[in-house]
Amino acid sequence: MMKNLVLSLALAFNIAPLALCFAPTAVSSSRMALKAAESEVSFGELDGSDVRVGIIKTRWNEEHVGNLVEGCKKALKECGVKDENVFETSVPGSYELPLAARFLALSGTVDAIVTAGVLIKGETLHFEYISESVASGLMSVGLNTQTPIVYGVLNCLNEDQVKARSSGDSNHGYDWGKTAVEMALLRNEALNIKEMKKAKMGSMGFDKAEAVEKKKAAGFF
């Protein structure tokens, strides 16, 4: 209301510059869509050589999801995540992602999980219900299991929006892979995971065996 009042006064008193400040500007929808599809997140150097990542993908909208997963794997490889440390499985649809993520998180075999899915709005409220439930469920899994869960579900109004976000340089899966590594490193550092693993190995006698080996080697000189 205030903006309209100022605009009316500016026009009434012929204050053109002021009127132009509040005049609506035309922005092409294609330019806005492109900006929304592009990544605005920057990542530094990430060492994922000791990181284990789980990828849970949906078979619903399989082609687009497959492209997102490929983008994710590309990022993991760039971060040095070993192939044997990448676990991949699939579920029917996005609604099944939270429970599957919880199962994997509780197994203790991964440091972070990427969930990949695609939801496209249809004629009913199904899209809204599923989108909200999946987002809330995945957040809950992450908080309850202390395992980073990357929300890799595209919620789009049409297939063109999906393609713009799952291909080429705008493949969001790439960012999800980088995010998984960064959050895994953060988790492991915050919870002292690496030291705990060393302590566990030591309690099983592995460090003692290593000490004996070194002592024997030293005795030959």
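**Figure 1. Thr115 has Tyr151 as its bridge partner in β4.** This close-up shows a predicted model, where local features need pLDDT of at least 70 and side-chain atom pairs count only at pLDDT 80 or more, while totals for chains, interfaces and linings use all residues. Residues are numbered from 1 along each chain as its sequence is written, and side-chain values use heavy atoms, with hydrogens and water left out. Strand β3 covers residues 112–120 and pairs with β4 in the parallel sense, over 8 bridges. Two strands count as paired if DSSP finds at least two bridges between them. Strands are DSSP runs of E with at least two residues; helices are runs of H or I with at least four; both are numbered from the N terminus. Further along, Gly117 has Val153 as its bridge partner in β4. Leu119 has Asn155.

**Figure 2. Four strands make an open sheet.** The 4 strands follow the order β2-β1-β3-β4, with parallel pairing. Neighbouring strands are turned by 15° against each other on average, direction ignored. Strands of a sheet pair through backbone hydrogen bonds, either parallel or antiparallel. How many residues of β3 are buried? The count is 8 of 9, so β3 is largely enclosed by the rest of the structure. Strand β4 is mostly covered too, with 6 of its 8 residues buried. Buried means under 20% relative accessible area, exposed means over 50%, and partly exposed lies in between (1.4 Å probe, protein chains only).

Figure 3. Helix α4 (residues 62–78) lies across β1 (53–58), β2, β3 and β4, and runs at about 165° to β1. Helix α8 (residues 172–190) packs on the sheet as well, touching β1, β3 and β4, and its direction makes about 160° with that of β4. Axes are lines fitted to C-alpha atoms, for helices over the stretch in contact; angles run from 0 to 180 degrees between N-to-C directions. Contact means heavy atoms within 4.5 Å. Glu63 is found in α4. Is Glu63 buried or exposed? Glu63 is exposed, with a relative accessible area of 63%. Glu63 and Ser166 are 103 residues apart in sequence, and their C-alpha atoms are 9.9 Å apart in space.

**Figure 4. Helix α5 has a buried side.** In α5 (residues 97–107), the buried residues are Leu97, Pro98, Ala100, Ala101, Leu104 and Ala105. Why do they share one side of α5? They cover an arc of only 160° around the axis, which puts them on the same side. The arc is that of the directions from the helix axis to the C-beta atoms. Their cover includes β1, β2, β3, α6 (126–145) and β4. On the face turned away from the buried side sit Phe103 and Leu106, both exposed. Gly108 follows α5 and has a positive phi, near 70°.

**Figure 5. Thr145 is a buried residue of helix α6.** The relative accessible area of Thr145 is 15%. A polar atom of its side chain lies 2.7 Å from the backbone oxygen of Val141. Thr145 touches Arg102, Ala105 and Leu106, not counting residues up to four places away in sequence.

**Figure 6. Leu154 belongs to the largest nonpolar core.** A nonpolar core is a set of buried Ala, Val, Leu, Ile, Met, Phe, Trp, Tyr and Cys residues joined through side-chain atoms within 4.5 Å. This core has 23 residues, and Leu76, Val114 and Leu154 touch the most other members. The elements that give two or more residues to the core are β1, α4, β3, β4 and α8. Helix α4 gives the most, with 5 residues. Another core lies apart from this one; it has 17 residues, including Val110, Ile113, Leu119 and Val153. In soluble globular proteins, nonpolar side chains tend to be buried together. Among the residues that Leu154 touches are Leu68, Gly117, Val162 and Trp176.

Figure 7. The chain has 10 helices and 4 strands. From the N terminus, the elements run α-α-α-β-α-β-α-β-α-β-α-α-α-α. Of its 221 residues, 34% count as buried. Among contacts between residues at least 6 apart in sequence, 78% join residues at least 24 apart.

Definitions and conventions: Polar contact = N/O pair within 3.5 Å; in protein donor to acceptor, adjacent residues only side chain to side chain.
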